[in-house]
Amino acid sequence: MENDMGIRDKKICVLGLGYIGLPTASLLGTKGYQVHGVDTVGEVVDTINQGRIHITEPDLDVLVKSAVQSGNLKAGKEPQPADVFIIAVPTPFKDGHQPDLSHVEAAARMIAPHVRAGNLVILESTSPVGTTEDVIARILREHGHRVGTDVFVAYCPERVLPGRILTELVENDRIVGGVGETSTEEAVSFYKTFVRGEVYATNARTAELTKLAENSFRDVNIAFANELSLICDQEGINVWELVSLANRHPRVNILRPGPGVGGHCIAVDPWFVVSRAPALARLIRVAREVNDGKPDWVIGKVRTSAEKFKKAVIGCLGLAFKADVDDLRESPAVGIVRRLKEEQIGELLIAEPYLTRHKEFDLLPYEEVVSRADIILVLVDHKQFRKLRAADLKEKIVIDTRGVII
Ligand code: SAJ
């Protein structure tokens with residue numbers, strides 16, 4: 001890492017104070033930068049200015065508190081002039097799995113009047129190939145800036161894993177791709193002031209597709225595991241045993257099947273590849289479809305099991321999108337429980353140990369759910385559920401989508 005010379009005089013404006021923007025803003029604040037964070041939601045701004053957080057992520061509360069108390073992190077609803085602008089706003093998809101770049105576009109328009117010669121503008125939001133050039137650089141040019149000469153623009157995808165964000169923000173290697181070589185150089189120098197991993201230089205388009213390729217790689221590999229789970233079920237073979245045996249091969253590493261793929265990234269980003277190359281991205285599209293189809297298959301299993309009872313009591317274990325987080329974004333577990341409720345398949349008892357309440361479902365302690373249910377449906381591999389033993393559940397039907405019960 002470079003030394004801290006000059007950091008104290010530098011101002012950073014971070015647009016979007018969510019799962020990426022807030023950890024990044026507070027980390028930069030504790031490094032000594034003067035950080036102004038921007039969010040369009042007033043409640044988020046107020047919470048952060050009080051030194052508190054609106055999302056759950058290990059150790060983030062301590063970091064935000066320290067950055068705010070030191071005076072280095074302040075939040076507001078409007079951007080301010082800065083040396084570096086970092087855009088970390090959501091990029092969801094809209095109808096037909098087409099990317100919705102409206103937040104990126106709005107952020108670029110918000111900062112454009114504040115950008116001055118010598119400034120660096122970085123996009124971190126996961127985006128389709130061409131976004132940095134076609135949205136960010138274009139809008140800055142419309143405001144009279146000469147991109148690559150007096151204003152520098154680069155793409156640097158976030159790559160942090162929810163649950164490990166603060167560690168990975170510093171330790172992970174970063175890919176930085178500028179619009180033009182000078183932009184790349186400026187952005188690489190900036191990341192080197194706080195990243196301990198390697199910082200690799202490329203162009204913006206390559207950096208954009210690198211991020212999409214990473215998440216598509218994971219999606220395709222999870223789809224392979226999910227497809228195997230359906231084949232194993234038909235053949236009467238235990239998929240968990242199969243995966244662990246196949247993985248004894250030195251060049252095989254099959255991922256874990258589950259109830260589907262959730263989170264705000266892996267279930268979304270591959271569509272950004274498909275949207276630009278529909279005829280070519282065949283495997284990526286099918287992987288998405290396989291993973292999106294898994295919840296239906298799980299519901300079918302529950303339905304068949306419930307038919308064996310007059311009114312089955314179904315214990316649903318977990319709502320989060322993955323183990324040991326309280327994050328429900330795009331969670332297949334939520335979708336499955338919602339459908340079971342809508343279709344009135346049995347009486348539902350629901351446990352999510354990482355939440356105290358949920359706006360749609362009544363939550364119960366998981367021990368109570370396990371003891372009262374006829375059918376145990378494991379949807380998340382939380383550590384609490386990993387304590388369950390098959391020998392103690394002999395009287396019940398167990399549908400374990402995560403392979404936690406042994
Ligand atoms: N899952 C499985 N089986 C597995 C692994 C995961 O079913 O073997 C499921 C999880 O339960 C979850 C989903 O996949 O529903 C995604 O979880 P994840 O842990 O694979 O990934 P995310 O979404 O938390 O974070 C990913 C990471 N990308 C990669 O690992 C390539 C992270 O590094 C990215 O920064 C993040 O997406 C992002 O923001 O793009």
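Predicted model: local features only at pLDDT ≥ 70, side-chain atom pairs only at ≥ 80, totals over all residues.
Me: How many bridges join E8 to strand E9, and which way do they run?
Reply: Two bridges join E8 to E9 (residues 174-178), and the strands run antiparallel. Strands (E, at least two residues) and helices (H or I, at least four) are DSSP runs numbered from the N terminus, and two strands pair if DSSP finds at least two bridges between them. Tyrosine 155 stands opposite glycine 177 in E9.

Me: What does E7 do with E8?
Reply: Strand E7 (residues 120-123) pairs with E8 in the parallel sense, over four bridges. Leucine 120 stands opposite phenylalanine 152 in E8. The chain gets from E7 to E8 through H5, in a right-handed β-α-β crossover (with the strands pointing away from the viewer, the path from the first strand over the helix to the second runs clockwise).

Me: And the faces of E8, which residues cover them?
Reply: Phe152 and Ala154 sit on one side of E8 (residues 152-155), Val153 and Tyr155 on the other, and all are buried. Buried means under 20% relative accessible area, exposed over 50%, partly exposed in between (1.4 Å probe, protein chains only).

Me: Switching topic: how many salt bridges in the whole structure?
Reply: A search finds 22, each a side-chain nitrogen of Lys or Arg within 4 Å of a carboxyl oxygen of Asp or Glu.

Me: Which residue does arginine 138 bridge to?
Reply: Glutamate 105, with the closest N and O atoms 3.8 Å apart. Arginine 138 is in helix H5 (residues 131-142) and glutamate 105 in helix H4 (residues 102-111), so the pair ties together parts 33 residues apart in sequence. Glu105, Arg109, Arg138 and Glu142 are linked in a network of salt bridges.

Me: What about arginine 288, buried or exposed?
Reply: Arginine 288 is buried, at 0% relative accessibility. Its salt bridge partner is aspartate 292, at 2.9 Å from N to O, and aspartate 292 is partly exposed at 41%. Both lie in helix H11 (residues 282-306), four residues apart, about one turn of the helix.

Key. Residues numbered from 1 in each chain as written. Heavy atoms only, no water.
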